[in-house]
Structures are given as C-alpha cells and as structure tokens.
Amino acid sequence: MSSIFTRIINNEIPCFKIAEDANFFAFLDINPNAKGHTLCIPKKEVDKILDLEEETYMGLMAFSRKVGKAIEEALDCKRVGITVIGLEVPHAHVHLIPLNEMKEATFQSKVKLTTEEFEEIAAKIRAKL
C-alpha cells in the first residue's frame, strides 16, 4: 500500500504544494510546529532516508536547501531548522521548520492554521523559488 506521501504526490490527497521537480516534492506540513513548516520528499517511496541511493539522498538535500532558502526569504524567522526523524510516515522526508524559538523544533508545540493561512504561506514561499 502506498504511503500517504505517495498518495499526495499522485494527487489522491490534497496538499499545499511548495515545489516539485522530476524527483522531489515539497509541501506544507498540515500539523506544523511553526508557520511554514515544510516537508521535502523523494518521489520514489523509500522508508528510511539512509536507504536512499546516494544520488537520491544528495538530490533530496539539494532540493531541501533550495526550499529552505525560499522559506528564509519568505517568512519572518531566525533560521530554518532541518530535521529527519522518519517515524511518522514510512517514506523518507526532511522537515524544514522556520525557527524563532527552540520549542518550535521539539514537535511538542503545534500551531493551528486555517486553509487561507496555509494557502497564503505556500504562495509566499513559492514566490521566492
């Protein structure tokens, strides 16, 4: 069975898309630690990030860097935190989290956003790509 991320890539589940190329996809996390919390994923479904082929791993990091730089330009934050945990969904993914406080990096504190807020944030980030 396909992961929820593969279903998002295949347009079976809606998302707030940030960026896409032939191999990678970025979208806003719907349960964000902070406004602009974005997930970057390879289109090829692989459970663990260290199981990605080296070329795909390096490509994912380069794609994540590009998206992270756009987040820094688009949103008011001190920096963009990067983390890979991988326990929530069995599909390799990189969290890009706009940070102003340490609590935003802990996955203990979540923010609630309206559909309009998600759309506005996604548009701001896309405009910087």
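**Figure 1. The second largest pocket and its lining.** The second largest pocket is lined by 16 residues. Ala 34, Lys 35, Leu 75, Asp 76 and Ile 121 lie nearest its centre. A pocket here is an open set of points on a 1 Å grid over the protein atoms alone, where a 1.4 Å probe fits, with protein on both sides within 12 Å along at least five of seven lines; lining residues have an atom within 4 Å of a point. The model is predicted: local features need pLDDT of at least 70 and side-chain atom pairs count only at pLDDT 80 or more, while totals for chains, interfaces and linings use all residues. Residues are numbered from 1 along each chain as its sequence is written, and side-chain values use heavy atoms, with hydrogens and water left out.

The second largest pocket holds about 280 Å³ of space. Its volume is the space filled by probe spheres set on the points, with grid points joined across faces, edges and corners. Helix α3 (residues 115–127) gives the most to this lining, with four residues. Helices (H or I, at least four residues) and strands (E, at least two) are DSSP runs, numbered from the N terminus. By class, the lining has six nonpolar, three polar and seven charged residues. Nonpolar covers Ala, Val, Leu, Ile, Met, Phe, Trp, Tyr, Cys and Pro; charged covers Asp, Glu, Lys and Arg; the others, Gly among them, count as polar.

**Figure 2. The largest pocket.** The largest pocket has a volume of about 350 Å³. Its lining is made up of 18 residues. Phe 5, Asp 29, Ile 30, Asn 31 and Leu 39 lie nearest the centre. Of the elements, α1 gives the most, with three residues. The lining of the largest pocket divides into 12 nonpolar, three polar and three charged residues.

Figure 3. Helix α2 (residues 54–74) has 21 residues. From first C-alpha to last, α2 reaches 30 Å, close to the 30 Å expected at 1.5 Å a residue. The expected span is 1.5 Å times one less than the number of residues. Leu 60, Phe 63, Ser 64, Val 67, Gly 68, Ala 70, Ile 71 and Ala 74 are buried. They cover an arc of only 160 degrees around the axis, so they sit on the same side of α2. That arc is taken from the directions from the helix axis to the C-beta atoms. On the other side, Glu 54, Glu 55, Arg 65, Lys 66 and Glu 73 are exposed. Buried means under 20% relative accessible area, exposed over 50%, and partly exposed in between (1.4 Å probe, protein chains only). What covers the buried residues of α2 includes β1 (17–20), β2, β3 (38–42), β4 (79–83), β5 (94–99) and α3.

**Figure 4. Helix α3 and its buried face.** The 13 residues of α3 should span 18 Å at 1.5 Å a residue, and its end C-alpha atoms are 18 Å apart, which agrees. Phe 118, Ile 121, Ala 122 and Ile 125 are the buried residues of α3. Seen down the axis, they fall within an arc of 100 degrees, so they line one face of the helix. An α-helix has 3.6 residues a turn, so residues three or four places apart point the same way. The buried residues of α3 pack against β1, β2, β3 and α2. The face turned away from the buried side carries the exposed residues Glu 116 and Ala 127.

**Figure 5. His 37 and its contacts.** His 37 lies in the loop between β2 and β3. His 37 is buried, with a relative accessible area of 1%. Not counting residues up to four places away in sequence, His 37 touches Phe 27, Leu 28, Asp 29, Pro 32, His 95, Leu 96, Ile 97, Pro 98 and Phe 107. Contact means heavy atoms within 4.5 Å. His 37 and Pro 98 are 61 residues apart in sequence, yet 6.3 Å apart in space, C-alpha to C-alpha.

Figure 6. Phe 107 lies in the loop between β5 and α3. Phe 107 has a positive phi of about 65 degrees although it is not a glycine. At 22% relative accessibility, Phe 107 counts as partly exposed. Asn 11 is found in the loop between α1 and β1. Its phi is also positive, about 60 degrees, although Asn 11 is not a glycine. Asn 11 is exposed, with a relative accessible area of 69%. Glu 53 belongs to the loop between β3 and α2. Glu 53 is exposed, at a relative accessible area of 52%. Glu 53 and Asn 33 are 20 residues apart in sequence and 29 Å apart in space, C-alpha to C-alpha.
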